[in-house]
Amino acid sequence: MSQNLFSEMRDHVVAALTAIVPDLSPEVLARVEVSPTRDPAHGDMATNAAMVAAKPAGQNPRALAQALAETLAGLPLLAQAEPAGPGFVNLRLSTDALLGQVPVILQAGESYGDSRFGGGTRVNVEYVSANPTGPMHIGHCRGAVVGDALAAVMAKAGFAVTTEYYINDAGGQVQALGWASYWRYLQAAGSTITPEEFEAQTPTGLQYRGDYLIPVGEALFREFGTSLAGPDLGLAEPSLWFETVRDRALTMMLVEIREDLALLGVQQKVFSSEAALLASGAADRVIGELEAKGLIYEGVLEPPKGKTPDDWEPRPQTLFRATDFGDDFDRPLRKSDGSNTYFANDIAYHADKIARGADILIDVLGADHGGYVSRMKAVVKAVSDGRVPLEVVLCQIVHVMRGGQPVRMSKRAGTFVTLRDLLDEVGRDAVRFTMLMRKSDAQMEFDLDQAVAQTRENPVFYVQYAHARCRSVLRAAVEQLGADAMTPDALAGADLSALDDAQEIALIRALMNWPRLIEGAAAAREPHRVAFYLYDLASEFHMLWNKGRDDTTLRFLQADDAAGTRARLALVTATATVIRSGLQVLGVTPAEEMR
RNA sequence: GCGCCCUUAGCUCAGUUGGAUAGAGCAACAGCCUUCUAAGCUGUGGGUCGGUGGUUCGAAUCCACCAGGGCGCGCCA
């Protein structure tokens, strides 16, 4: 039997529809859906086939639904098919088909829900890509979790996924990091120079004053002594120290970022350095290609309407014809000092991702990069001659709440919430799950109190608790039945006819939604659907558990009913399996017990 | 001023790409708790889906305009 009963049924529906109305276009057939019903009274599934085909077929939707229902009624999979509402066909699975999904899950294990939906399409998901100029904070965290889970969802759905982190180690902010690190170095060496005196002698100012660079300065002092300092521990000639200091600082920042990511359970496969890409000449090469396509020119931009910057003056720039590809205006590629803009280098980076083999590029970005999206999409279209789409998942701001009050993320006020602080306080599982309990393009409040709560209010607890309850039952059952009777294979052979309570059936219906949900979440690039699904699934399981409190005949372990116990253990094992499968996608630990 | 995102119950949010009577948790109210794990459970009330038009068999979902919130708007990344 198929893992995905919905797609299997859809094939039957399309076949039946085509038999009744032979000449439907592929476009019409593509709109045929078989979806779960909201109301169990409507059966297990419903199809809109009659409604989408009614107009092209020139038939009344109700009449078509009637004909479709009669054709489908003969399927062994179905117990009932009947027209309903404006032209739905409600489908009730046969008991065999419904219960049959349990051994399918047991045999598939955690691979249940894997699909070939993606068809091996090569997808490159880039996320985090924080500047290596400081520790990761909560703003980065959401993108990290969303990107990681999106990659996992798409991989499960049959895409060939690569994950990637772009290291912005080439721009002016890295210059500033070098200077700020040098200041900390001088301090470590015992210099008494004030920030103001130091800043006056730098080209970048002293942008990064956080304590996190103190260890960098100390490390530099340990390694080099006072040899990088000037006379009287003042500033030395930059050519004598700058590259060394900058590179040491970058390395240390990157180590820290990777540690933070590891603590969060995120590990991109590829780390790409902007500086290395630049050094290889990739940026000049790509700009040359665009030039050859006639997409680059020297021109002067109009000032933005309504809000002209104070220092606006018309000036000629090297521009990319983004407007040819749907952007609002053409975009500059060079700064006045002749170096590349961030955009220019990012073109090279995206071209590089394509050249390494990608059919779809996905960037997970913070909302503050929203204005960057249209130009990037435009240029990816240009570079790939329209072959590779760039999709952008924007993550909106996270407001951290404690005790109902917002926690301000202010470096000056010292309430800067780093990722590590957050992980220390609430733990990896709660951070990841909570970040995925919102659509990524909606602002979210992260309630610290809720994230650590051991109650139903906390979704991650609720889901992990469901898994722990399953495992608890199974542990108890081993003592009663012996381990041999408890393997998935053994349970897959169990007679399941004892599973006839409405709540048991509701749980099975929830389980069989999993493969369909994966495909939907992957197609929509919405990993949060997995978190919500798991919450719903956990809810169905808890409801069954609770029902057994009032009605002892519904408890999983029945001392005097071996067959019924085996059937229920099969269901419990299947439930635990799907929860694990889902948590695996989200990168959350399935708890064995919670005490 | 322009562009993008958002607005759903008192609060925080879902809503399966246009489907049937719009859902969940919290809060409120009413019951229940000697147990396979009560760090609870069951039930009830609660809505002009920001507003107004439009598209069609059918709209929270698509389009237009308006209101409110967020982000951005020529060499920061």
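Student: Let's start with strands: in what sense do β3 and β4 pair, and over how many bridges?
Tutor: This is a predicted model, and in it β3 (residues 78–84) pairs with β4 in the antiparallel sense, over six bridges. One facing pair is Q80 and R92, the latter in β4.

Student: What do β3 and β4 form, and how many residues sit between them?
Tutor: A hairpin, with three residues between the two strands. Look at G85 in the turn: its phi is positive, about 55°.

Student: OK, cavities. How many of 30 Å³ or more does the structure hold?
Tutor: One. The volume of the largest cavity is about 30 Å³.

Student: Which residues line the largest cavity?
Tutor: A41, H42, G43, Q80, A81, E82, N90, L91 and R92.

Student: Switching to pockets. What volume does the second largest pocket have?
Tutor: About 1,200 Å³. Its lining counts 45 residues, and F6, P36, T37, R509 and N513 lie nearest the centre. Elements that supply two or more of the lining residues are α1 (5–20), β1 (34–36), β4, α5 (95–108), α20 (502–512), α21 and α22.

Student: Which element gives the largest share of that pocket's lining?
Tutor: α22, with seven residues. By class, the lining of the second largest pocket splits into 23 nonpolar, nine polar and 13 charged residues.

Student: Which domains does the lining of the second largest pocket draw on?
Tutor: Domain 1 (5–93) and domain 3 (459–586) each give at least three residues. The assignment for chain A also has a domain 2, covering 172–264. The centres of domain 2 and domain 3, taken over C-alpha atoms, are 55 Å apart.

Student: Which element supplies the largest share of the surface near RNA strand B?
Tutor: α22 (528–550), with eight residues. Others that supply at least two include α3 (49–57), α7 (172–188), α18 (459–481) and α21 (514–524). By class, that surface has 25 nonpolar, 19 polar and 23 charged residues.

Student: Back to sheets. What's the strand order in the open sheet of three strands?
Tutor: β8-β9-β10, with antiparallel pairing. β8 (296–300) and β10 (331–332) are the edge strands with a single partner each, so one side of each has no neighbour in the sheet.

Student: How many bridges join β8 and β9?
Tutor: Five, in the antiparallel sense, with β9 spanning residues 316–320. Y297 stands opposite L319 in β9.

Student: And how do strands of a sheet pair in general?
Tutor: Through backbone hydrogen bonds, in a parallel or an antiparallel way.

Key: Residues are numbered from 1 along each chain as its sequence is written. Chains are lettered from A and ligands numbered from 1 in the order in which they are written. This is a predicted model: local features need pLDDT of at least 70, side-chain atom pairs count only at pLDDT 80 or more; totals for chains, interfaces and linings use all residues. Side-chain values use heavy atoms; hydrogens and water are left out. Domain bounds come from an automatic or database domain assignment. Helices (H or I, at least four residues) and strands (E, at least two) are DSSP runs, numbered from the N terminus. Ala, Val, Leu, Ile, Met, Phe, Trp, Tyr, Cys and Pro count as nonpolar, Asp, Glu, Lys and Arg as charged, and the others, Gly among them, as polar. On a 1 Å grid over the protein atoms alone, a cavity is a set of points where a 1.4 Å probe fits but cannot get out, and a pocket is an open set with protein on both sides within 12 Å along at least five of seven lines; lining residues have an atom within 4 Å of a point. Grid points are joined across faces, edges and corners, and a volume is the space filled by probe spheres set on the points. Two strands pair if DSSP finds at least two bridges between them.
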